[in-house]
There are 2 protein chains.
Amino acid sequence: MADNTTWTALASADPEHACPISPVVDIVFSRWTTPILWTLNADGRQRFVELQRRITTITPKVLTQRLRQLERDGMIVRTYYPEVPPRVEYEISELGRSLAPLFAHLAEWATTNLDKVEHARNDYDTDSAQ
Amino acid sequence: MADNTTWTALASADPEHACPISPVVDIVFSRWTTPILWTLNADGRQRFVELQRRITTITPKVLTQRLRQLERDGMIVRTYYPEVPPRVEYEISELGRSLAPLFAHLAEWATTNLDKVEHARNDYDTDSAQ
DNA sequence: CAGTATCCCGGGCGATACTG
DNA sequence: CAGTATCGCCCGGGATACTG
């Protein structure tokens, strides 16, 4: 971490993954993380229930788990207000916001290539079916 | 897909995910796919065993599963040579190669921010420990 | 070589119920 | 409101052994 070796060198130094982006993938693209980060970035600071309402299919337990993980990784900031009833607000951190261009890049790739994937799937399925 | 509504509009149109990049994530960042795509892109066309040797911890069963999935999604091309012994070669497709800038972007984010994540984790762990 | 065929297991995730 | 607490299941993934 202290040396400036190239990424290819690091990749070969980690034969287990053979892929320098694997660590990032684990952090950013584990389950439910992209919806959470996306909403917090797009819709701003929100409370627990608001997140639940936007990401409709997530259960409170799993939402808590993912929020804790994202907080630990420094991607989001949790603020607790000791009121009655208690209030908690989540907002994206600067580090989390630094992913925005990457997400935009991803969204752009999706617009131009998602239908190609769909097409490839249809081809594959019809070909192997006959 | 035919309209040009903004991404935020599309996001709200899919409340289940509330995240327009979720489909891409499922395709590109499911388990083992980034090492496979990375190697095929960086080291070129390869045979089954070569992939196995580079991605040391993957089992043949799972490697087959992921290769089939990537082939179906049009990300890689499988070529079978009916020789004795049989030979199969995998190479990245044009669609798969279109991810290269994205992966580079990801690698760049990693170089500048991975240590911040590490730092945040240390802070979180020490703070919640005391 | 390039895969299948089984068996099996852990844990991530979901569903439900409950608390300060 | 903002979560915990429990239970249980499914299935993706690993280990191992075998085939054309």
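Of the atoms of DNA strand D within 4 Å of the protein, 70% belong to sugar or phosphate, and the rest to bases. The model is predicted: local features need pLDDT of at least 70, side-chain atom pairs count only at pLDDT 80 or more, and totals for chains, interfaces and linings use all residues. Residues are numbered from 1 along each chain as its sequence is written, chains are lettered from A and ligands numbered from 1 in the order in which they are written, and side-chain values use heavy atoms, without hydrogens and water.

DNA strand D is surrounded by 18 residues, each with a heavy atom within 4 Å of the strand. The closest are V49(A), R78(A), Y90(A), K61(B) and R66(B). By class, the surface holds eight nonpolar, two polar and eight charged residues. Here Ala, Val, Leu, Ile, Met, Phe, Trp, Tyr, Cys and Pro count as nonpolar, Asp, Glu, Lys and Arg as charged, and the others, Gly among them, as polar.

A polar side-chain atom lies 2.8 Å from a phosphate oxygen in R47(A), 2.7 Å in R78(A) and 2.6 Å in R66(B). Two or more residues of this surface come from each of α4 (48-54), α5 (60-72) and β3 (87-92) of chain A, and α5 (60-72) of chain B. Helices (H or I, at least four residues) and strands (E, at least two) are DSSP runs, numbered from the N terminus.

β3(A) runs antiparallel to β2 (residues 76-81) of chain A, over six bridges; pairing requires at least two DSSP bridges. I76(A) stands opposite I92(A). A hairpin of five residues joins β2(A) to β3(A). β1 (residues 46-47) of chain A is also antiparallel to β3(A), through two bridges, and R47(A) stands opposite E89(A).

Note on methods: A polar contact is a pair of N or O atoms within 3.5 Å; within protein, one must be able to donate a hydrogen and the other to accept it, and residues adjacent in sequence count only if both atoms are side-chain atoms.
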